[in-house]
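Trainee: Before we look at any details, could you show me how to read the packing and the ring contacts of a model like this one?

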Amino acid sequence: VPMVAPGNVQVHVINSTLAKVHWDPVPLKTVRGHLQGYKVYYWKVQSLFRRSRRHVEKKILTFRGNKTFGMLPGLEPFSSYKLNVRVVNGKGEGPASPDKAFKTPEGVPSSPSFLKITNPTLDSLTLEWGSPTHPNGVLTSYTLKFQPINNTHELGPLVEIRIPANESSLILKNLNYSTRYKFYFNAQTSVGSGSQITEEAVTIMDE
């Protein structure tokens, strides 16, 4: 098997889900056989959001031939990772380079996990929601947009409300009675808005 590990391993984080890794090629005489390529082992150490350690699953990407760089796609935003690089010949892998740590930046969150609308009255509705399963960063706020829908499915004027990130329910007041409303709801990090969840509900006709 090869005798030495690739040197000078560098990581360039491109965005919240993609990084590029560079390394110096090993001297050919240390490969002790036919150079087949390089393998990058990489794994998530922890989320920077939850700080929860869990079973570490190592992923491996193989780059054929004498390449000295490769892309690592599909990373999780706002997480810390480690990687190392090994050279491969027909017999197996050489020793691993020293582990290199890197962090991915925040991304936009996934959609809120649910949006429930309860307690209809003549002029109010109660909204309850769950935070995104994958916040991908620190939530800064939620945005609620809603508008009435009439019987011919025409949409009325859109109202937008910004809600603090630590809230999980809201009573909407001063609505019209016996009216159907459509709601659009999403979460934000400092990077931007995540995908929205939609729901409809009707205020009651009379008490």
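Mentor: Let us begin with a term: a nonpolar core is a set of buried Ala, Val, Leu, Ile, Met, Phe, Trp, Tyr and Cys residues joined through side-chain atoms within 4.5 Å. Keep in mind throughout that this is a predicted model.

Trainee: Which residues of the largest nonpolar core touch the most other members?

Mentor: The general idea is that, in soluble globular proteins, nonpolar side chains tend to be buried together. In this structure the largest nonpolar core has 18 residues, and those that touch the most other members are Val21, Trp23, Val40, Leu72, Leu83 and Val85. At least two residues of this core come from each of strand S2 (18-24), strand S3 (35-47) and strand S6 (79-89).

Trainee: What does Leu83 touch, leaving aside residues up to four places away in sequence?

Mentor: With those sequence neighbours set aside, Leu83 touches a list of residues that includes Val9, Val11, Val21, Val40, Leu72 and Phe102, as well as Asp99 and Lys100.

Trainee: Is Ser79 buried or exposed?

Mentor: Burial is read from the relative accessible area, with under 20% counting as buried. Ser79, which is found in strand S6, has a relative accessible area of 1%, and therefore counts as buried. A polar atom of the Ser79 side chain lies 3.1 Å from the backbone oxygen of Pro77. Not counting residues up to four places away in sequence, Ser79 also touches Lys44, Gln46, Ser47, Leu48, Phe102, Lys103 and Thr104.

Trainee: How many aromatic pairs does a search of the whole structure find, and how should I describe one?

Mentor: A pair of aromatic rings is described by the distance of the centres and the angle of the planes. The search of the whole structure finds 9 aromatic pairs. One of them joins Trp23 and Tyr38, which form a tilted pair at 5.4 Å centre to centre, with 50 degrees between the planes. This pair links distant parts of the chain, since Trp23 is in strand S2 and Tyr38 in strand S3, 15 residues apart. Trp23 is buried at a relative accessible area of 3%, and Tyr38 is likewise buried, at 1% relative accessibility. Ring pairs also bring in Phe63, so that Trp23, Tyr38 and Phe63 are linked into a cluster.

Trainee: Where does the charged end of Arg86 sit?

Mentor: The charged end of Arg86 sits over the ring of Tyr41, at 3.7 Å from its centre. Lys20, in turn, lies over the face of Phe69, 4.9 Å from the ring centre.

How values were computed:
Residues numbered from 1 in each chain as written. Predicted model: local features only at pLDDT ≥ 70, side-chain atom pairs only at ≥ 80, totals over all residues. Heavy atoms only, no water. Buried < 20%, exposed > 50% of the residue type's maximum accessible area, 1.4 Å probe, protein only. Helix = DSSP H or I, 4+ residues; strand = E, 2+ residues; numbered from the N terminus. Contact = heavy atoms within 4.5 Å. Polar contact = N/O pair within 3.5 Å; in protein donor to acceptor, adjacent residues only side chain to side chain. Phe/Tyr/Trp six-rings, centres within 6.5 Å; stacked < 30°, edge-to-face > 60°. Lys NZ or Arg CZ within 6 Å of the ring centre and 35° of its normal.
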